[in-house]
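Thanks for passing this one along.

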Amino acid sequence: MEANRGTVCVTGGTGFIASWLVMRLLERGYSVQTTVRPDPDGSRDISFLTNLPGASERLRILTANLGDPESFGPAIEGCVGVFHVATPVDLEDKEPELVITRRSIDGALGILRACLNSKTVKRVVYTSSVSAVQYNNDSGDNTLDEDSWSDVKSLGELTMFRGYAISKTMTEKGALEFGERHGLEVVTVTPTCVHGPFICPKFARSVQMALALVLGNENDYSALLKISLVHVDDVVRAHIFLFEHPDAKGRYICSLATMTIEEMSKFLSKRYPEFQIPSTESLKEVKGSGWANFSSRKLLDAGFEYKYGIEDMFDGAIQCCEEKGYL
Ligand SMILES: NC(=O)c1ccc[n+]([C@@H]2O[C@H](COP(=O)([O-])OP(=O)(O)OC[C@H]3O[C@@H](n4cnc5c(N)ncnc54)[C@H](OP(=O)(O)O)[C@@H]3O)[C@@H](O)[C@H]2O)c1
């Protein structure tokens, strides 16, 4: 463990990415105040957080809900930085997009206001998504960078991810504008599909999606037609890197590699012969539009280095799923 670096807040500590971030921040010597949603009957098991190394001395868990933006105030008080990771994730669009978007924007703006009022927060790192980058007329075979924004009006045809893409786009824009207007440093990380092991008990949705060929989840195959992936530890390292970087500014795409469903089928069949992976021939019928190509040149030029390859993502995810009984 390194020297105490001050206190930071992580919103949504029970989530896939946020719980990994809490773990790495504690290892790095930060004190962490993380928020979880209220649990009136106290049935939720958060021992995966409270048992982390350093947690008994330097982790505080507070309750907050994006539907009540002011509830984040106590967790932000006295912090030097805030990682706003929590989001109303609803990839299946069960709730009306307007409701999700309102909750996401109001929650983020409430958190930013609390940061401003604290007088101690130096920088906010917001976890956005390439859903806020890729849905516009420039996608297709072009390689997209941070100048590209999803056009919320052109999302009409998108069936999966629609509400999510709208809420991520509008919240990221709103957060960056708030920072500009009020002189608060706001940096955003826009990851592609985050893959790898997880410490939270819930089966991380993006890992489920990336493992669809292993799990036989045919509903997710269309999302794999062409998908960009990044390891959860690299995403978390990028958050901390950008928080600590003296000159970080604006958005940063975080993505390692892109693969097609055929490439994934061949890769998985060869590396994990113990699983029944659908053949490339059988996947020819899968319909969908595939993800765009993304450049994370801005992050690399700032000095960030990716540590993990595609093999590490699948090895880590599969081993973790076997240990947790999901495979
Ligand atoms: N995973 C990916 O591939 C990926 C890619 C790009 C960007 N992202 C972004 O990364 C962030 C974390 O995603 P994740 O994959 O870690 O998802 P996750 O595991 O579902 O985590 C989402 C977190 O948000 C919390 N949350 C949901 N609704 C809330 C509300 N109304 N109030 C307070 N907290 C609420 C959840 O709490 P509960 O545990 O109580 O449900 C959970 O802690 C999100 O901002 C997401 O958009 C993820």
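How far does a backbone N or O atom of Thr87 lie from an oxygen atom of the ligand, and what else is going on around there? Keep in mind that this is a predicted model.

1. Start with Thr87. One of its backbone N or O atoms is 3.2 Å from a ligand oxygen. Phe16 also uses its backbone here: an N or O atom of that backbone lies 2.9 Å from an oxygen atom of the ligand.

2. Next, look at Tyr164, where the side chain does the work. A polar atom of that side chain lies 2.5 Å from an oxygen atom of the ligand. As for the ligand as a whole, it has 880 Å² of accessible area on its own, and the protein covers 89% of that.

3. Now zoom out to the shell. There are 27 residues around the ligand, and Thr14, Arg37, Arg44, Tyr164 and Lys168 come nearest. Sorted by class, the shell has 12 nonpolar, 10 polar and five charged residues. Helix H1 (16-27), helix H6 (162-182) and strand S8 (193-195) each supply at least two of the shell residues.

4. Where does the ligand sit? You'll find it in the largest pocket. That pocket has a volume of about 1200 Å³. It is lined by 47 residues, and those closest to its centre are Thr87, Pro88, Val89, Tyr164 and Lys202.

5. H1, strand S2 (31-36), H6, S8 and helix H7 (205-210) each give two or more residues to the lining. H7 has the largest share, with four residues. By class, the lining has 23 nonpolar, 15 polar and nine charged residues.

Technical notes:
Residues numbered from 1 in each chain as written. Predicted model: local features only at pLDDT ≥ 70, side-chain atom pairs only at ≥ 80, totals over all residues. Heavy atoms only, no water. Near = heavy atom within 4 Å. Polar contact = N/O pair within 3.5 Å; in protein donor to acceptor, adjacent residues only side chain to side chain. Areas by Shrake-Rupley, 256 points an atom, 1.4 Å probe, with all protein chains shown as cover. 1 Å grid on protein atoms, 1.4 Å probe; cavity = no way out; pocket = protein on both sides within 12 Å on 5 of 7 lines; lining within 4 Å. Sits in = over half its atoms within 2 Å of the grid points. Nonpolar A, V, L, I, M, F, W, Y, C, P; charged D, E, K, R; others polar. Points joined across faces, edges and corners; volume = space filled by probe spheres on them.
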